[in-house]
Amino acid sequence: MRSVAITGLGIVSALGEGGPAHLEALRAGRSGLTKLTGFAAAGVPDSPVGEVAAAHLSQEDRTSRGEALALAAARAALAGRPALEGHGVIAVGTTTGGIFESEQHYLAHRGAEGAESRELLRHHPAGAVADRLASRLALSGERHTFSTACSSSANSIGYAAALVEAGAPWALAGGMDTLCRLTYSGFYALKLLSAAPCR
């Protein structure tokens with residue numbers, strides 16, 4: 001089998017963007033958890049959340065919040081490296097895909113046929129993120145999406161590594177999820193939210 005090397009890393013979270021920013025925050029014991037501002041969660045008590053600041057997101061047209069997160073991290077991982085040639089692998093782990101935009105559409109139109117802003121729904125499939133990465137980064141490769149709850153990203157990275165070992169010329173792998181009403185309310189219903197930040 002071939003060896004697998006990690007040649008780039010990109011990360012965007014509530015702590016900021018890039019490895020150095022995250023390492024500094026971890027060493028300082030600084031939390032990225034703050035008060036929820038991205039949407040109203042009626043009937044659910046406030047709990048600290050990890051929201052990515054808009055300044056760290058791609059502002060490209062027709063891009064969902066999740067796709068913007070993935071693009072920012074992918075571009076950082078690829079920065080300063082030669083172009084990825086040949087037919088490689090794009091593997092993305094996600095549990096909610098573009099559901100944040102789907103929620104916006106539903107709340108505005110309650111499922112009415114022919115409703116305006118249907119553009120929001122094009123981001124709904126979990127696989128839309130991998131498709132957008134391939135399109136916006138001009139990458140030729142097979143696309144895989146893993147949606148296995150907390151192990152989604154780990155599965156995408158492991159699968160991509162296995163394909164590189166087996167001969168794929170390159171792989172772009174990782175995970176993405178956005179804070180959305182489904183996740184926030186769902187974890188509240190499971191009694192898994194805390195009023196205090198984790199230690």
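Biologist: What percentage of the 199 residues in the chain do buried residues make up?

Modeller: This is a predicted model, in which local features need pLDDT of at least 70, side-chain atom pairs count only at pLDDT 80 or more, and totals for chains, interfaces and linings use all residues. Residues are numbered from 1 along each chain as its sequence is written, and side-chain values use heavy atoms, with hydrogens and water left out. Buried means under 20% relative accessible area, exposed over 50%, and partly exposed in between, with a 1.4 Å probe and protein chains only. By that definition, the buried share of the 199 residues is 35%.

Biologist: What is the strand order of the open sheet of three strands?

Modeller: Two strands pair if DSSP finds at least two bridges between them. Strand β3 (residues 88–93) and β4 pair in the parallel sense over six bridges, and G88 has G141 in β4 as its bridge partner. The edge strands, each pairing on one side only, are β4 (141–146) and β5 (171–175). The pairing in this open sheet is parallel, and the order is β4-β3-β5.

Biologist: Which helix packs on the sheet, and what angle does its direction make with that of β3?

Modeller: Contact means heavy atoms within 4.5 Å. Axes are lines fitted to C-alpha atoms, for helices over the stretch in contact, and angles run from 0 to 180 degrees between N-to-C directions. The helix touches β3, β4 and β5; it is α4 (residues 128–136), at about 140 degrees to β3.

Biologist: Against which helices do the buried residues of α3 pack?

Modeller: Helix α3 spans residues 99–109, and its buried residues are I99, F100, E101, S102, E103 and H105. Just after α3, R110 takes a positive phi of about 50 degrees. The buried residues of α3 pack against α2 (65–78) and α6 (181–189).

Biologist: Which side chains does a polar contact of 3.3 Å join?

Modeller: A polar contact is a pair of N or O atoms within 3.5 Å; within protein, one must be able to donate a hydrogen and the other to accept it, and residues adjacent in sequence count only if both atoms are side-chain atoms. T63 lies in the loop between α1 (19–28) and α2 and counts as buried, at 17% relative accessibility. A polar contact of 3.4 Å joins the side chains of T63 and R136. The contact of 3.3 Å joins those of T63 and R132.

Biologist: How many disulfides does the structure hold?

Modeller: A disulfide is a pair of cysteine sulfur atoms within 2.5 Å. The sulfur of C150 has its closest cysteine sulfur in C180, 14 Å away, which is too far for a bond. C150 counts as exposed at 83% relative accessibility, whereas C180 counts as buried at 0%. The number of disulfides is zero.

Biologist: Is A149 buried or exposed?

Modeller: A149 is placed in the loop between β4 and α5 (152–165). Its phi is near 60 degrees, a positive value in a residue other than glycine. With a relative accessible area of 52%, A149 is exposed.

Biologist: What distance separates the C-alpha atoms of A196 and P48?

Modeller: A196 lies in the segment after α6 and counts as partly exposed, at 45% relative accessibility. A196 and P48 are 148 residues apart along the chain, and their C-alpha atoms are separated by 6.7 Å.

Definitions and conventions: Helices (H or I, at least four residues) and strands (E, at least two) are DSSP runs, numbered from the N terminus.
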